[in-house]
Structures are given as C-alpha cells and as structure tokens.
Amino acid sequence: MTEEFVSGIKQIPYNEERVFATLSDLSNLERVKDRVPREKIKSFEFDSDSCSVAIEPVGKITFQIVEREPNKLIKFTTTNSPVPLFLWIQLKQVAENDTRMKITVRADLNPFLKPMVSKPLQEAVDKISDVLASLSY
C-alpha cells in the first residue's frame, strides 16, 4: 500500500535558482551536519548525488538523486532501505526573493508496517523541511 507524507509549504527568502543550486548538490549537507540529532542518527555520509544515514533501529538508508529539473524539482529514491521510499523537493518562486518549498515522501508500506512507521515518517518529513527552510542560501 502506497502512502504519501507531505510537509507544509515552507517560505525561503531566496530565489529559486539559488535554493535549487544548494539543494541539488548533496555535498552542501555539510552545512547541516551539526543539526543532525546524534541520539537517533549514528552516521551521516554524503557526496554530490547521494546521502546515507544510519538510524536506530531502522539501519542504513541511502538516498540517490534520480532527477533534477532546474529550479523546480529534485527527486530521490532509496537504494538501500528496508522500505522503498521516493522523496521529492518541489520549489516555486513567487517573488524575487521568495521561494516556496514542499517535500513529499511516497512509501510502499504493508499493513503491518504502516501503524509503526507512519508517524515517524511524517515527523521526519516535517523536520527535514524545517531545517532546509532555515538555511542561509
């Protein structure tokens, strides 16, 4: 059963080109490394196209960028995950220095897993969107 988890729409006070350039190169995650909660995440590795995190008790999850639509969309899929996930970041500039961002995660959850992972997945989507919206681009 496919479930979607969607963040609220976040306002970022920069133009979409600048936001896209930062978010579409995952090596820029160096800037948020200090905001990663160490009690939940055991390791955090990244390069320009992928990001891996080891989360207790889930294990290691690797996200790989599979599509970039300049200034509009960045799509990710998991290459190493106990549950298949797709994530995308949508950007829309509404004024010169006003870009709106929304994050969506689609997960294939069986009926047994759904009650256990739905709340943590939604919380993760919300937290990621808050952190990304608060960056200085």
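Predicted model: local features only at pLDDT ≥ 70, side-chain atom pairs only at ≥ 80, totals over all residues.
Local features were considered at pLDDT of at least 70 and side-chain atom pairs only at pLDDT 80 or more, whereas totals for chains, interfaces and linings use all residues. Residues are numbered from 1 along each chain as its sequence is written, and side-chain values rest on heavy atoms, with hydrogens and water left out.

Two aromatic pairs were found in a search of the whole structure. Tyr14 and Tyr137 form an edge-to-face pair, with 5.7 Å centre to centre and 65 degrees between the planes; rings of Phe, Tyr and Trp (its six-membered ring) pair if their centres lie within 6.5 Å, and planes under 30 degrees apart count as stacked, over 60 as edge-to-face and the rest as tilted. Because Tyr14 lies in the loop between β2 and α1 and Tyr137 in the segment after α2, the pair ties together parts that are 123 residues apart in sequence. Tyr137 is buried at a relative accessible area of 8% (buried means under 20%, exposed over 50% and partly exposed in between, with a 1.4 Å probe and protein chains only).

Nine salt bridges are present, each defined by a side-chain nitrogen of Lys or Arg within 4 Å of a carboxyl oxygen of Asp or Glu. One of them joins Glu3 and Lys114 at 3.3 Å, N to O, and links strand β1 with helix α2 across 111 residues; Glu3 is buried, with a relative accessible area of 16%, while Lys114 is partly exposed at 31%. Another joins Asp130 and Lys10 at 2.6 Å, N to O, and connects helix α2 with strand β2, the two residues being 120 residues apart.

Strands β3 and β4 run antiparallel and are joined by five bridges, with strands taken as paired if DSSP finds at least two bridges between them. The two strands form a hairpin with three residues between them, in which Phe44 has Val53 of β4 as its bridge partner.

Terms used:
Helix = DSSP H or I, 4+ residues; strand = E, 2+ residues; numbered from the N terminus.
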